[in-house]
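Reader: I have a model open and want to talk through how it packs. Can we start with the inside?

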Amino acid sequence: MIGKKAEYWQKFYASTAAFAGMLACSQAATPAFESDAQKVCSSCEQWNLPHEPFRIYGNSYYVGVAGLSSILIASDKGLIVLDGALPQSAPLIAENIRKLGFRVEDIRLIVNSHTHYDHAGGIAALQRASGATVAATKESAVALERGEPTSDDPQHAFGRKLTWFPPVPHARLVNDDEVLHVGDLAITAHVTPGHTPGGTTWTWRSCEDKRCLDVVYADSLSAVSAPDFRFTGDEAHPGRIESFNDSIALVAGLPCDVLLTPHPEFFDLESKLRRRQQPGANPFIDPQACKAYAATAKLKLEQRIAEESKR
């Protein structure tokens with residue numbers, strides 16, 4: 001009996017050790033998420049509050065934080081992520097991706113609306129964790145590599161201390177109207193300068209129960225700048241009202257069933273989530289949303305022009 005007991009426990013300890021070794025190997029295969037230094041700003045803490053991820057429509061998901069959007073699109077060959085929010089948002093975005101049942105390691109492409117710290121800040125960490133390609137317009141690629149807005153950005157004069165974000169080298173250059181593919185998913189870049197020189201609006205199709213809709217991730221269209229910057233132009237910068245109006249008109253004219261934006265309040269995220277709890281149509285589906293978003297932007301740009309004329 002003593003011999004059989006010894007044999008039993010010997011086998012037990014051997015199997016336990018083998019399981020522990022397998023677990024250790026599994027854990028080693030998934031390295032801890034490597035975050036960058038946190039960004040400090042007056043709104044950062046509130047923006048970065050956690051938010052539960054959810055399906056917007058079809059293969060399109062919200063994986064961002066409370067005050068800053070990050071969108072996930074799933075294809076048959078991997079994932080696309082739009083925007084990385086703040087540097088400290090990246091681990092929250094990664095956790096949200098996992099909550100939905102996806103793997104961060106399956107991100108194949110990361111794109112950006114515009115290169116400010118609250119939308120580009122988490123891209124570097126997400127790229128390191130996934131090995132994904134980062135794609136951007138020529139102007140945005142320069143800013144990503146520097147880790148700060150370019151000198152012609154309306155907010156550049158705030159200074160590097162405020163505007164820095166973790167740099168993202170070697171972004172793949174994207175042209176206006178260029179289509180990028182990940183598996184069966186096609187996403188189109190629409191250059192929409194104004195808020196930044198290289199701002200980009202992204203569009204794609206999402207399908208659910210054989211109904212396919214046009215989804216628009218519209219870049220910020222707000223004329224926000226550092227003090228003394230003039231969108232109407234000055235000795236240091238040419239005027240950009242015409243190109244800004246062109247961007248607004250482009251967004252208004254896009255096929256648009258679902259509008260998403262870099263700041264979730266601009267597409268009424270929380271209100272739509274509350275309405276979604278009630279029976280009825282998906283409140284995120286609104287074919288007039290892009291036109292309304294553009295009309296508001298045009299009105300505010302006109303107000304900014306009038307303000308500048310009084311300086």
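Reader: Which residues touch the most other members of the largest nonpolar core?
Author: This is a predicted model. Its largest nonpolar core has 47 residues, and Leu82, Ile187, Trp202, Trp204 and Leu260 touch the most other members. Helix H10, residues 289-309, supplies the largest share of this core, with six residues.

Reader: What is isoleucine 187 in contact with, leaving aside its neighbours within four places in sequence?
Author: Isoleucine 187 is in contact with Ile73, Ile80, Leu82, Leu109, Val111, Glu178, Val179, Leu180, Trp202, Thr203 and Trp204, with those neighbours left aside. Another core, of 34 residues, lies apart from the largest one and includes Cys41, Ile97, Ala120 and Leu126.

Reader: Back to H10. At what angle do H8 and H10 pack?
Author: About 165 degrees, with the axes 8 Å apart; H8 covers residues 241-253. Angles over 145 degrees count as roughly antiparallel, and therefore H8 and H10 are roughly antiparallel to each other. The crossing of H8 past H10 is left-handed.

Reader: Which residues make the contact?
Author: From H8, Ile241, Phe244, Asn245, Ile248, Val251 and Ala252; from H10, Cys290, Lys291, Tyr293, Ala294, Ala297, Lys298, Leu301 and Ile305. By class, the contact has 11 nonpolar, one polar and two charged residues.

Reader: How far apart are valine 142 and isoleucine 73?
Author: They are 69 residues apart in sequence and 25 Å apart in space, C-alpha to C-alpha.

How values were computed: Residues are numbered from 1 along each chain as its sequence is written. This is a predicted model: local features need pLDDT of at least 70, side-chain atom pairs count only at pLDDT 80 or more; totals for chains, interfaces and linings use all residues. Side-chain values use heavy atoms; hydrogens and water are left out. A nonpolar core is a set of buried Ala, Val, Leu, Ile, Met, Phe, Trp, Tyr and Cys residues joined through side-chain atoms within 4.5 Å. Buried means under 20% relative accessible area, exposed over 50%, partly exposed in between (1.4 Å probe, protein chains only). Helices (H or I, at least four residues) and strands (E, at least two) are DSSP runs, numbered from the N terminus. Contact means heavy atoms within 4.5 Å. Axes are lines fitted to C-alpha atoms, for helices over the stretch in contact, and angles run from 0 to 180 degrees between N-to-C directions. Angles under 35 degrees count as roughly parallel, over 145 as roughly antiparallel, 65 to 115 as roughly perpendicular and the rest as oblique. A crossing is left-handed if the near helix is turned anticlockwise from the far one by less than a right angle, and right-handed if clockwise. Ala, Val, Leu, Ile, Met, Phe, Trp, Tyr, Cys and Pro count as nonpolar, Asp, Glu, Lys and Arg as charged, and the others, Gly among them, as polar.
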